[in-house]
Amino acid sequence: MTLYGLTTCDTCRKALSALEKAGHEVALQDVRRDGLTEAQVARFHAELGENLLNRRSTTWRGLSEEERSGDPVALILGAPTLMKRPVIEDGDRLHLGWTAEVREALGA
């Protein structure tokens, strides 16, 4: 299992801790430090849709209207903090966020 997020993100740390306590072996990929490939972001966007783009972030608020209308994959590649977190990859399944539904699906 891989958790894509930020080591400084409280939600990502809570998710990582809960998943490990539930017995999952979890690798954390810090999207700012380690980056993401275009293929990864394209897959995340294809499977998770527009919700992948965090429109509440400080980074989003700093973008111009022209930048906001750009390709979401390119936006996230340019500024990984625009990705809603965490994205959790469990085998071939992807989960977005740390909602009750995600916790239940992952047994955490």
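**Cysteines, core and pocket**

Search the whole structure for disulfides and you come up with zero. Keep in mind that this is a predicted model. Cys9 is in no disulfide, and the nearest cysteine sulfur, 3.4 Å away, belongs to Cys12.

Now for the core. The largest nonpolar core holds 31 residues, and Phe44, Met83 and Val87 have the most contacts inside it. Two or more residues each come from strand E1 (2-5), helix H1 (10-21), helix H2 (38-48), helix H5 (72-78), strand E3 (87-90) and strand E4 (93-96). Helix H1 is the top contributor, with four residues.

Zoom in on Phe44 and look at what it touches. Leaving aside residues up to four places away in sequence, Phe44 contacts Tyr4, Leu36, Gly49, Leu52, Met83, Val87 and Leu94. Two of those names, Met83 and Val87, are the ones listed alongside Phe44 for the most contacts inside the core.

What about open space? The largest pocket has a volume of about 250 Å³. Cys9 turns up again here, lining the pocket together with Thr11, Asn51, Leu53, Asn54, Arg55, Arg56, Lys84 and Arg85. By type, that lining splits into four charged, three polar and two nonpolar residues.

Definitions and conventions: Residues are numbered from 1 along each chain as its sequence is written. This is a predicted model: local features need pLDDT of at least 70, side-chain atom pairs count only at pLDDT 80 or more; totals for chains, interfaces and linings use all residues. Side-chain values use heavy atoms; hydrogens and water are left out. A nonpolar core is a set of buried Ala, Val, Leu, Ile, Met, Phe, Trp, Tyr and Cys residues joined through side-chain atoms within 4.5 Å. Buried means under 20% relative accessible area, exposed over 50%, partly exposed in between (1.4 Å probe, protein chains only). Contact means heavy atoms within 4.5 Å. A disulfide is a pair of cysteine sulfur atoms within 2.5 Å. On a 1 Å grid over the protein atoms alone, a cavity is a set of points where a 1.4 Å probe fits but cannot get out, and a pocket is an open set with protein on both sides within 12 Å along at least five of seven lines; lining residues have an atom within 4 Å of a point. Grid points are joined across faces, edges and corners, and a volume is the space filled by probe spheres set on the points. Ala, Val, Leu, Ile, Met, Phe, Trp, Tyr, Cys and Pro count as nonpolar, Asp, Glu, Lys and Arg as charged, and the others, Gly among them, as polar.
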